[in-house]
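Visitor: Hey, could you walk me through this one? I'm new to reading structures.

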Amino acid sequence: MTQKVAVLGTGKIGEALLSGMIRAGWSPADLLVTARRPERAEELRTRYGVSPVTNPEAAKTADTLILTVKPQDMGTLLVELAPHVPADRLVISGAAGIPTSFFEERLAQGTPVVRVMTNTPALVDEAMSVISAGSHATAEHLAHAEEIFGAVGKTLRVPESQQDACTALSGSGPAYFFYLVEAMTDAGILLGLPREKAHDLIVQSAIGAAVMLRDSGEHPVKLRENVTSPAGTTINAIRELENHGVRAALIAAIEAARDRGRELASGNNT
Ligand SMILES: NC(=O)C1=CN([C@@H]2O[C@H](COP(=O)(O)OP(=O)(O)OC[C@H]3O[C@@H](n4cnc5c(N)ncnc54)[C@H](O)[C@@H]3O)[C@@H](O)[C@H]2O)C=CC1
Ligand SMILES: O=C(O)[C@@H]1CCC=N1
């Protein structure tokens, strides 16, 4: 039997996932989407050939519901969905912070819920998606979530207690790298390079470093030491990074992101 999958609240992450599923061979005929604005729904139909439906229609028709609205909008969406979701539907939440218990309390008794934290590199099939089971989700449900999110990159199962930490590391992680590239480009400008050239140098260096981190089997410390020649240039830069507390800043930043996830879980939406 064909499994229908619906993406509810198809914004940046919902669309990234949807497009990846189609690239990976899902038939648009088996994919439903919901959107708040009719123009957005039409845009998705034109772009991907998928069917826009209402949230209740999605709940009744699809076997798997993937909820990709903002955490702040999840309560309202569940009020709308709850009367229409049969207890055998798999509900996957892509939202930061919100625990699986939040869904279980609002949906029919026994509804399987899986929590996933992916990231925007889903757009280029290089996502990191971290997956946890709610209390009624079986190994089969987890495998189905892995199949879906595996379409856009890597997946990793973690206990739900680690989700906020993973959100802070990989969910938000791409933003930290984009921020670094932005800052390094400014440094290139300071040193007199044209912006475009500085950008290209840094992006290629980032790609090279990322491939080495993934493929070389070497520890990051060893990779950095290999760049850092005695009395050379790099050590001067490293000393400045240490003087400015960049390592401590990164640790504090990621801890703050984790803490915000916890706040979202407790219903602090401001
Ligand atoms: N942007 C990112 O890098 C990441 C976001 N997330 C999570 O993904 C979720 C979505 O984030 P984005 O895609 O960035 O936000 P977004 O704002 O681009 O997408 C959310 C969409 O949901 C729609 N929506 C809200 N309520 C709705 C309803 N009742 N019915 C139908 N559509 C509705 C909005 O109109 C919007 O298009 C959030 O929960 C976030 O925590 C997870 C990983 C990374
Ligand atoms: O900033 C956020 O809340 C979302 C979740 C992880 C990445 N973006």
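This is a predicted model: local features need pLDDT of at least 70, side-chain atom pairs count only at pLDDT 80 or more; totals for chains, interfaces and linings use all residues.

Visitor: What holds strands together in a sheet, anyway?

Guide: Backbone hydrogen bonds do the pairing, and neighbours can run parallel or antiparallel.

Visitor: Let's take strand 1. Which way does it run next to strand 2, parallel or antiparallel?

Guide: Parallel: strand 1 (residues 5–8) is joined to strand 2 by four bridges. To get from strand 1 to strand 2, the chain goes through helix 1 (residues 12–23), making a right-handed β-α-β crossover.

Visitor: And which strand 4 residue partners A6?

Guide: That's L65 in strand 4. Strand 4 (residues 64–67) pairs with strand 1 in the parallel sense, over four bridges. On the strand 2 side, the bridge partner of A6 is L32.

Visitor: What does L32 pair with in strand 3?

Guide: Its partner there is S51. Strand 2 and strand 3 (residues 51–52) are parallel too, with two bridges between them. Helix 2 (residues 38–48) sits in the chain path here: strand 2, helix 2 and strand 3 make a right-handed β-α-β unit.

Visitor: Are the faces of strand 2 covered or open?

Guide: Both faces are covered. On one side of strand 2 (residues 31–34) you have L31 and V33, on the other L32 and T34, and all of these are buried.

Visitor: What about strand 5, which of its residues are buried?

Guide: In strand 5 (residues 90–93), L90 and I92 are buried on one side, and V91 and S93 are buried on the other. Strand 4 pairs with strand 5 in the parallel sense over four bridges, and V91 is the bridge partner of L65. The crossover from strand 4 to strand 5 passes through helix 4 (residues 71–81) and is right-handed.

Visitor: Why does D125 count as partly exposed?

Guide: Because its relative accessibility is 31%, and partly exposed is the range between under 20% for buried and over 50% for exposed.

Visitor: And where is A231 found?

Guide: In the loop between helix 10 (220–227) and helix 11 (234–243). A231 has a positive phi, near 55 degrees, and isn't a glycine either. At 85% relative accessibility, A231 counts as exposed.

Visitor: Last thing. What surrounds ligand 2?

Guide: A96, G171 and S172 do. On its own ligand 2 exposes 240 Å², and the protein buries 47% of that.

Visitor: Which pocket does ligand 2 take?

Guide: The second largest pocket is the space taken by ligand 2.

Conventions:
Residues are numbered from 1 along each chain as its sequence is written. Chains are lettered from A and ligands numbered from 1 in the order in which they are written. Side-chain values use heavy atoms; hydrogens and water are left out. A residue is near a molecule or strand if one of its heavy atoms lies within 4 Å of it. Accessible areas come from the Shrake-Rupley method with a 1.4 Å probe; for residues, only the protein chains shown count as cover. On a 1 Å grid over the protein atoms alone, a cavity is a set of points where a 1.4 Å probe fits but cannot get out, and a pocket is an open set with protein on both sides within 12 Å along at least five of seven lines; lining residues have an atom within 4 Å of a point. A molecule sits in a cavity or pocket if more than half of its atoms lie within 2 Å of its grid points. Buried means under 20% relative accessible area, exposed over 50%, partly exposed in between (1.4 Å probe, protein chains only). Two strands pair if DSSP finds at least two bridges between them. A crossover is right-handed if, with the strands pointing away from the viewer, the path from the first strand over the helix to the second runs clockwise.
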